[in-house]
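Hi,

Here is the structure I promised to pass on. Have a look at it first, and then read my notes below.

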Amino acid sequence: PSHFAEESQFHINLLRANVKYVVRISTTHANVKPDNFAYYARSHWAIEQMLSQKPFDKLHWTSLQPNLFLRFALASAIDFIQEMRNSGQQGILSLPLTKDIPIGVVDCFEVGVLAAKLLLGQDSSQYNKAKLVVNGPQDITGQTIVDLVEEELDAKLEHPVSFDDMSFVEKMAANATQKNLILSFKTAQDATKAGLCTVATTIEEALRIAPPK
């Protein structure tokens, strides 16, 4: 919840130190708007608005907008596999993705490669104030992950999969001071379910600078 205060302070420090260029990591492009219900997406919107104001003209910036990190999409599947190997019993696989709506998940390392190549460029003005939508090389669905899990285990799942499962957010919010803000994260996948986060949304410049593998 303190994201805006902390990142805005960071950029002000850059400005005062006469840093010429910063590449920041934003979030799902379709969520970066002032009326998004998820609190953190509004924070990213506010940061981009702040950097667009005249006092920051001397600080060039580019905002990378990954639709979804691969690590987030796969985390519960990895836990499921590890638990089965430890206990010998299958639990219920819960996934944040829907069963069949595609999304262009991206490896966070490759987002870092894109950021590094931008920072090493000779002319930061070329991408000043740019917002680059970043995805991986292909769309996946919840069913894609199920297929990978079954392939890894060499066995079919015994129980129905819990798709579009954001119940972990409630656990995050249980002991949080600002519970209402944390709970708003449950809506983060609405853009995905609307089909707004496919590989087709990847911006051409990102593919040219550092095509994902």
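One term before anything else: I call a residue buried when its relative accessible area is under 20%. By that cut-off, 42% of the 213 residues in the chain are buried. Do keep in mind that this is a predicted model.

For the overall picture, the C-alpha trace spans about 60 × 40 × 30 Å along its principal axes. The accessible surface comes to about 11,700 Å², and carbon and sulfur atoms account for 54% of that.

The chain has nine helices and three strands, and along the sequence they follow the pattern α-β-α-β-α-α-β-α-α-α-α-α.

Now to the sheet. Its three strands form an open sheet in the order β1-β2-β3, and the pairing is parallel. β1 (21–25) and β3 (130–134) are the edge strands with a single partner each, so one side of each has no neighbour in the sheet. From one strand to the next, the twist averages 20°. If you zoom in on β2 (residues 60–66), you'll find five bridges joining it to β3; Ser 63, for example, has Lys 131 in β3 as its bridge partner. Helix α2 (residues 39–51) lies across β1, β2 and β3, and runs at about 165° to β1.

Two last things about the whole chain. Of the contacts between residues at least 6 apart in sequence, 78% join residues at least 24 apart. As for charge, there are 20 positive and 24 negative charges, and their mean positions are 11 Å apart.

Cheers

How values were computed: Residues are numbered from 1 along each chain as its sequence is written. This is a predicted model: local features need pLDDT of at least 70, side-chain atom pairs count only at pLDDT 80 or more; totals for chains, interfaces and linings use all residues. Side-chain values use heavy atoms; hydrogens and water are left out. Two strands pair if DSSP finds at least two bridges between them. Helices (H or I, at least four residues) and strands (E, at least two) are DSSP runs, numbered from the N terminus. Axes are lines fitted to C-alpha atoms, for helices over the stretch in contact, and angles run from 0 to 180 degrees between N-to-C directions. Contact means heavy atoms within 4.5 Å. Buried means under 20% relative accessible area, exposed over 50%, partly exposed in between (1.4 Å probe, protein chains only). Accessible areas come from the Shrake-Rupley method with a 1.4 Å probe; for residues, only the protein chains shown count as cover. Lys and Arg count as positive and Asp and Glu as negative; His and the chain ends are not counted. The place of a charge is taken as NZ of Lys, CZ of Arg, CG of Asp or CD of Glu.
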